[in-house]
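Hi,

Here is the structure I promised to pass on.

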Amino acid sequence: MTTTEGPDTRGYFGVYGGRFVPEALIAALDELDVEYRKALSDKEFVGELERMGRDYAGLPSLLYEARRLSEKAGARILLKREDLNHTGAHKVRNVLGQALLTKRMGKRRVIAETGAGQHGVATATAAAYLDLECTVYMGEEDTRRQALNVARMRMLGAEVVSVKSGSRTLKDAMNEAFRDWVASVDYTHYVVGSVGGPHPFPAMVRDFVRGIGVEARAQSLELLDRLPDAVCACVGGGSNALGIFHAFIPDADVRLFGFEAGGDGVETGRHAAAITAGGAGVLHGARTYLLQDEDGQTIESHSISAGLDYPAVGPEHAWLSDTGRATYEPVTDAEAMQAFRLLCRTEGIIPAIESAHGLAGALRIAPRLATELGREPIVLVNLSGRGDKDMETAAKWFGLLEEKS
Amino acid sequence: MTVASAFGSRPVLVGYLPAGYPSVPGAIDAIKAMVDAGVDIVEIGLPYSDPVIDGPVIQAASQAALDRGVRTSDLIHTVEAVAATGVPTLVMTYWNPVLRYGVDRFATDLANAGGAGLITPDLIPDEAADWLAVADKHNLDKVFLVSPSSTDARIASTVAVCRGFVYATSVMGVTGARAQTSNAAPTLVSRVRQVTDLPVGVGLGVSNGEQAAEVASFADAVIVGSALVRCLLDAEDEAAGVRALVALTEDLAAGVRG
Ligand SMILES: Cc1ncc(COP(=O)(O)O)c(C=O)c1O
């Protein structure tokens with residue numbers, strides 16, 4: 001298999017992927033696999049999805065040349081403005097696709113897991129828009145960190161369940177969503193939030209978000225008459241990264257860089273860098289890279305960014321890493337926050353802290369690429385989301401709030 | 001000892017407890033007490049950080065065991081101690097701990113400890129080539145799950161690679177005692193019987209002798225987990241936990257034996 005193909009019929013990208021789930025879910029996964037591929041070759045479905053993207057979500061998103069940032073970076077930096085999409089992130093593409101598919105499959109309810117709350121908000125939004133019942137599972141720790149997003153989901157009519165098991169974060173929310181799904185699969189679709197989980201989720205979510213790269217590729221050609229030298233994105237589960245990478249995979253001259261959450265630094269053990277510092281194993285239905293101890297127990301991840309605070313990564317990324325088609329590096333909280341402020345101050349754009357990881361990585365590789373290419377490089381960065389949800393974290397980090405007396 | 005030896009003229013009782021709860025020796029004592037009280041086959045859970053098919057009771061006990069540092073090697077040790085009593089002893093495990101330990105090494109150590117085989121709730125036969133190969137090499141039982149949502153074709157292909165018994169999950173849902181057993185179970189059991197002579201066990205939801213008797217009327221094995229674990233979880237101290245466990249096991253065993 002080449003890296004542009006895949007997965008195979010069993011959901012494998014090389015040795016990654018598959019279905020490590022209870023038998024009770026297999027029938028639903030089989031149905032989903034058939035139905036999503038049927039839907040994607042059905043003109044009516046694709047047309048309706050495009051219409052929703054255009055009229056409702058604001059797609060295609062802009063490709064924006066960040067001139068002031070570029071001066072500081074020593075590279076021409078292009079930002080794919082997924083932060084301007086409705087609900088403020090790339091996630092809306094995936095949820096509109098899955099919600100429309102839910103309707104098509106005749107199911108009346110969606111469930112989702114969420115870390116930062118971004119995917120939960122997007123799912124609640126799509127559910128409201130398409131008149132579906134919606135339950136969102138969120139770790140108790142995250143409901144505290146992202147209280148405003150909890151309120152947003154409830155405002156949109158979703159039930160938010162605070163998960164108190166395990167580390168009370170995203171991975172536990174995902175466990176709980178799987179449990180719900182096993183019991184309600186007849187009338188419920190599980191809107192997985194990233195390119196992880198059992199087959200066909202990694203392929204399906206990628207197919208729903210790959211428009212990011214398709215648009216960016218065409219926009220680059222229009223703007224520059226050429227393709228960028230490198231494409232950069234942050235990697236939590238990996239959906240925004242794969243979304244922007246995928247259309248560029250056949251372009252051998254375009255380098256692909258994924259930036260994982262390095263937390264306090266990979267050497268401290270407090271991070272979420274599954275590819276950089278994890279090992280191959282099985283979590284949440286797929287064989288992939290994950291953070292685990294000697295006994296195969298999942299190790300809790302750490303990141304300043306709730307959306308990257310996940311101990312595994314989608315299987316296609318594991319494959320892209322092993323084959324060398326994409327390169328993955330960690331970015332620490334501190335590096336990400338520096339890039340966060342730089343973008344605010346040079347461009348007047350407040351990014352999601354997730355996206356700031358991608359940006360920090362781009363700033364890091366720019367001089368390297370310049371040396372290698374012997375000219376100013378062109379670097380495309382996926383600005384996967386906007387920073388409104390992160391203002392409290394950022395304000396604390398930079399000491400911008402008045403001390404309460 | 002393989003599990004086949006436990007099946008005879010009457011339905012059997014399969015009892016689940018996790019290794020390492022309330023402690024490694026405490027679990028061994030509890031399981032042995034459960035055996036003395038009448039379970040025919042023991043199912044020992046390997047505590048795991050992300051147990052997607054377990055309900056809150058089993059998850060709480062497993063997490064407590066993990067918090068106290070239970071290791072895969074402790075599971076092997078627990079199997080050894082329990083299997084020495086002569087009761088067929090299966091391990092119920094999620095797949096990643098086995099992968100990490102090494103599939104062949106796990107099978108070797110399990111077989112050497114006298115373990116009968118594995119129940120694998122998140123490993124379907126489609127993904128199990130490595131396990132099937134080493135299980136056969138070590139003469140270990142392979143218990144896979146079938147569900148009310150399984151197609152006839154999947155039931156057939158799954159039971160074709162099972163050895164020991166077939167685990168029919170009686171409801172669509174996670175582990176946990178339920179007020180009523182499900183009406184999906186008899187249908188599922190008869191669907192399985194159409195394609196295999198292997199015994200069929202029914203699990204998920206049984207919590208008392210009456211329910212056990214009901215399940216035993218149509219299944220070959222009654223599998224009980226959460227209700228037994230709860231005895232230990234809810235008890236004031238270990239001795240009280242074991243007393244409650246013994247009382248429930250006797251009730252269940254009486255139900256199964258009719
Ligand atoms: C803005 C933004 N970017 C990135 C991510 C990380 O997810 P993924 O790696 O799947 O894109 C999230 C997740 O919540 C997010 O909200």
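Below is what I found, beginning with the chain contact and ending with the ligand.

This is a predicted model, in which local features need pLDDT of at least 70 and side-chain atom pairs count only at pLDDT 80 or more, while totals for chains, interfaces and linings use all residues. Residues are numbered from 1 along each chain as its sequence is written, chains are lettered from A and ligands numbered from 1 in the order in which they are written, and side-chain values use heavy atoms, with hydrogens and water left out.

The contact (heavy atoms within 4.5 Å) draws 34 residues from chain A and 34 residues from chain B. Together the chains bury about 2,800 Å², 47% of it on carbon and sulfur atoms; buried area is the accessible area (1.4 Å probe) lost when two parts are put together, summed over both. Of the area that chain A buries against chain B, 26% comes from Glu23(A), Arg179(A) and Asp295(A), more than from any other three residues.

Four salt bridges link chain A and chain B, counted when a side-chain nitrogen of Lys or Arg is within 4 Å of a carboxyl oxygen of Asp or Glu. One of them pairs Arg154(B) with Glu23(A), with the closest N and O atoms 3.0 Å apart.

Now the ligand. Ser194(A) has a polar side-chain atom 2.6 Å from a ligand oxygen, and a side-chain N or O atom of Ser384(A) is 2.7 Å from a ligand nitrogen. The side chain of Lys91(A) places an N or O atom 3.3 Å from a ligand oxygen.

Happy browsing!

How values were computed
Polar contact = N/O pair within 3.5 Å; in protein donor to acceptor, adjacent residues only side chain to side chain.
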